[in-house]
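Please look over the sequence and the model shown here. The paragraphs after it lead through the structure one part at a time.

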Amino acid sequence: MASETEQILTIRNQSLAQLEQLRASPKPSYSLDGQRVSWREYIESLQQTVDWCDRKLTGYQPFECRSQGTT
């Protein structure tokens, strides 16, 4: 089973791949059976997912505590 960090990295990488694909070949927004599909909103959602992953991953990074010893 993958660790939480690996899962977040996978989500981040998949979201970035989708963003790259959508930006390389943008699509227009449209309505289908009364339901609106907005690519701009979808791209924003993917970017928010990447940002969330970045925040979570930053929280997992080791941190430093400065200390000073004296003799």
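On helix 1, the face turned away from the buried side carries Glu-20, Gln-21 and Ala-24, which are exposed. The model is a predicted one. Helix 1 covers residues 4-24. Its 21 residues reach 30 Å from the first C-alpha to the last, close to the 30 Å expected at 1.5 Å a residue.

The buried residues of helix 1 are Ile-8, Ser-15, Leu-19 and Leu-22. They cover an arc of only 70° around the axis, so they lie on the same side of helix 1. What do the buried residues of helix 1 pack against? They pack against helix 2.

Helix 2 runs over residues 39-60. With 22 residues at 1.5 Å a residue, helix 2 should span 32 Å, and this agrees with its end C-alpha atoms, which are 32 Å apart. Within helix 2, Leu-46, Val-50, Cys-53 and Leu-57 are buried. These residues are on the same side of helix 2 because they cover an arc of only 60° around its axis. An α-helix has 3.6 residues a turn, so residues three or four places apart point the same way. The other side of helix 2 has Arg-40, Gln-48, Arg-55 and Gly-59, which are exposed. The buried residues of helix 2 pack against helix 1, and those of helix 1 pack against helix 2.

Ser-38 sits in the loop between strand 2, residues 35-37, and helix 2. Is Ser-38 buried or exposed? Its relative accessibility is 13%, and a residue under 20% counts as buried, so Ser-38 is buried. The side chain of Ser-38 also reaches the backbone nitrogen of Glu-41, at 3.3 Å.

The last stop is a pair of rings. How many aromatic pairs does a search of the whole structure find? The search finds one. That pair is formed by Trp-39 and Tyr-42, with 6.0 Å centre to centre and 75° between the planes, and is edge-to-face. Trp-39 and Tyr-42 are three residues apart in helix 2, so about one helical turn separates them. Tyr-42 has a relative accessibility of 34% and therefore counts as partly exposed.

Terms used. Residues numbered from 1 in each chain as written. Predicted model: local features only at pLDDT ≥ 70, side-chain atom pairs only at ≥ 80, totals over all residues. Heavy atoms only, no water. Helix = DSSP H or I, 4+ residues; strand = E, 2+ residues; numbered from the N terminus. Buried < 20%, exposed > 50% of the residue type's maximum accessible area, 1.4 Å probe, protein only. Polar contact = N/O pair within 3.5 Å; in protein donor to acceptor, adjacent residues only side chain to side chain. Expected span 1.5 Å × (residues − 1). Arc of directions from axis to C-beta. Contact = heavy atoms within 4.5 Å. Phe/Tyr/Trp six-rings, centres within 6.5 Å; stacked < 30°, edge-to-face > 60°.
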